[in-house]
Amino acid sequence: MKILKFILCVFLLVFSVVSCEKDDDNTDFVDAIEAPTNVSALVTVTQDNTGLVTITPLAEGATSFNIDFGDGTTVATAVNQGGSAEHVYEEGTYQATIEAFGLNSQSTSITKEVIVSFQAPENLVVTIENDAAVSRKVNVTAEADFALSYEVDFGQAGSEPVEGNGDEPISFIYDTAGTYTITVTAFSAAIETATYSEDFLVTEILQPLAAAPTPPFREGSDVISMFSNTYELDVNVSSWRSDWSTSTLTDLQIAGNDTKFYADADFVGVEFYGEDAVDASQMEIFHLDFWSVNATTFRVKLVDLGGEEATEAEIVFEDLPQNEWVSLEIPMSDFIDSGMTSTNSIQQLIFSGLPTGTFDFFIDNVYFYRAPSTAPSIAGTWRMAPEAGALGVGPAVGDISYFSCDADCVALRACYYDDLYVFGADGSFTNDLGAESWIEGWQGGGDACGTPVAPHDGSNPATYTFDEGAGTVTLNGIGAYIGLAKANNQGELPNVDVPSSITYNVSFVDANTINVNVDVGGGVFWQYKLIREAAPTNPLTGTWQMAPEAGALGVGPAIGDVSYFSCDADCVVLRDCYYDDQYIFGADGSFTNNLGAESWIEGWQGGGDACGTPVAPHDGSNPATYTYDETAGTVTLNGTGAYIGLAKANNQGELPNVEVPSSIIYNISFVNENTINVNVDVGGGVFWQYKLIRI
């Protein structure tokens, strides 16, 4: 009989290595380890009428075990994880106690019934079931009089029998669905056994067991959402299954996430007509999460009905993985290359595939998006989220099983949870700890609130660099840190030198929440959840455009007077490439001119007073910033080529008669929350004037 092999828990090995390296570190790390969990044991007996029983204990977080055999004999001690203890019993029923010990000597005990009978098992009853949650997993439960253990041969070629004691199901996951002969053998201390066999149909679960991947954080202006729990919906879809389709549509939830399921799919039309049409001309990617058990080909078609003739294009996917979520990312340029001539009035989305009429599929997260017009900024003031689990450490990102600061810990460390991490817009970084923070033993503290200790007290100057693409932030400066002062890329203080820089991995949950982690080596990750402190509201933050109406652009001898020139309704239509230009004021003080592929290019720029390709430096290619003075009613743009309204108008005059300025001051007044009037005095009693609306 083959004995079930137990594998040592990986994180126990990690702890053994870490503990050897931290002899002189504080003991919080080890003290916080919970007692072993999921304690169990496999109990087997030899079939020779001798009563020789083997007990093999197992637990998560255990380093050793004591086994009390329950018959008054000597207790077996210090049985290693993965080891066994043998004992000869007289015939009878006993209650053995298995006690599992962790690194810090905390323990957990269970009682295991040991039945030693020299009678052969009788009245074997077996139940075989497909698991309700895991595809191709089969659970076997067995019970027989006089039996101590059971062995299950699941009938898959190359697989070994699996043993258990009958107090829990014996389980196995097959490589493929199908019919298999499953044989269950019941053992007692007698030589004879009892056997049961059954041909059992192993089934595939024909739907996702997990929700579709959660999309990343994006600003609302950078996404047009049709269906997603992550983004606010922007499209009023009138039908998710058109009348011409014979498919069956079911709305359901998978792991709490809204999902759409199409059964026996043919050609499925999703419709959003008229004013609900999607203008995706500024979007770069169409996204869809797709799951199917039997699709061999899947097609996505967009239809634009806004022009004189309908324009459409279809993208075909073949050999997609099955039984898993697949994130389809289709560049809008692929639709254009495939025949679409416009994407500014999309009113149909059509799904189809093979085998037509008989394939089933699930979809989620249907949206258009573009690269961030304003990238998430880490600039601002952050603090640890005052909630359980915001501070923790574990063997992988997302796993804080080694230590997690719970609700009581958060309350105890209030002096730590008010520490501030200040990322300046100028690249400066500061640890602002106030009068007290949590001071650990290696710092000379008592693992309690105390006066901050240099160099980790914010007294040294520091800077930071944020790499959005890599998802990292690097602090430069001795003593600068996020989360815990001791955790860095080389290890943990005081076992390594104080570093001059630390690189952390950063991911945005939303605009004001980030997850941060640092790999200290040895497969140990310290992890922090930070929230942004509320900053003073800047009413300019956001994306603005010229109001597409007569008189929004003009010039005259006084504010409110555009008698020299005013762009009328025909002018607005003629200059549509100008009225979609965007003026983006970032919350971090950044400013961007986003002109798209075309804007209105005047003669002094080398254009023909017509739509054309933007011309440097007034094409948004140079970095720029802004400052808003609410009291003075002004906004100052800093950066060569940055402008509002017209590129030529500035405080010195009009280009090309003056030098291109490095900054321009505009007068600004709010009509309402989403409308502003802006003007600039170019000298000589001439005022260029613009009306902008927030989009």
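**Getting to know this predicted model**

Reader: Is N123 buried or exposed?
Author: Buried means under 20% relative accessible area, exposed means over 50%, and partly exposed lies in between (1.4 Å probe, protein chains only). N123 reaches 56% relative accessibility, so N123 counts as exposed.

Reader: What kind of model is this, and which pLDDT do side-chain atom pairs need?
Author: Residues are numbered from 1 along each chain as its sequence is written, and side-chain values use heavy atoms, with hydrogens and water left out. This is a predicted model in which local features need pLDDT of at least 70, totals for chains, interfaces and linings use all residues, and side-chain atom pairs count only at pLDDT 80 or more.

Reader: Back to N123: in which strand is N123 found?
Author: N123 has a positive phi of about 55 degrees, although N123 is not a glycine. Helices (H or I, at least four residues) and strands (E, at least two) are DSSP runs, numbered from the N terminus. The strand that holds N123 covers residues 122-130 and is β8.

Reader: What is the order of the strands in the open sheet with β8?
Author: Strands of a sheet pair through backbone hydrogen bonds, either parallel or antiparallel. Here, two strands pair if DSSP finds at least two bridges between them. This open sheet has three strands with antiparallel pairing, in the order β8-β9-β12.

Reader: Now the cysteines: how many disulfides does a search of the whole structure find?
Author: A disulfide is a covalent bond between the sulfur atoms of two cysteines. In this model, a pair of cysteine sulfur atoms within 2.5 Å is taken as one. Counting bonded cysteines along the chain, the pattern is 1-2, 3-4, 5-6, 7-8. The number of disulfides found is four.

Reader: How many residues apart are C415 and C449?
Author: The sulfur atoms of C415 and C449 are 2.1 Å apart, and the two form a disulfide. With -95 degrees about the S-S bond, this link is left-handed. The pair links distant parts of the chain, C415 in helix α5 (residues 414-417) and C449 in strand β31 (residues 448-450), which are 34 residues apart.

Reader: How far apart are the sulfur atoms of C567 and C571?
Author: Both C567 and C571 are buried. Their link is left-handed, with -95 degrees about the S-S bond. In this disulfide the distance between the sulfur atoms is 1.8 Å.

Reader: Why is the disulfide of C577 and C611 left-handed?
Author: The sulfur atoms of C577 and C611 are 2.1 Å apart. The disulfide is left-handed because the torsion about its S-S bond is about -95 degrees.

Reader: Where is P355 found?
Author: A cis peptide bond joins L354 and P355, with omega about 0 degrees. P355 is found in the loop between β23 (346-354) and β24 (359-369).

Reader: Where is N323 found?
Author: Phi of N323 is near 60 degrees, a positive value in a residue other than glycine. N323 has a relative accessible area of 32%, so N323 is partly exposed. N323 is found in the loop between β21 (311-318) and β22 (326-331).
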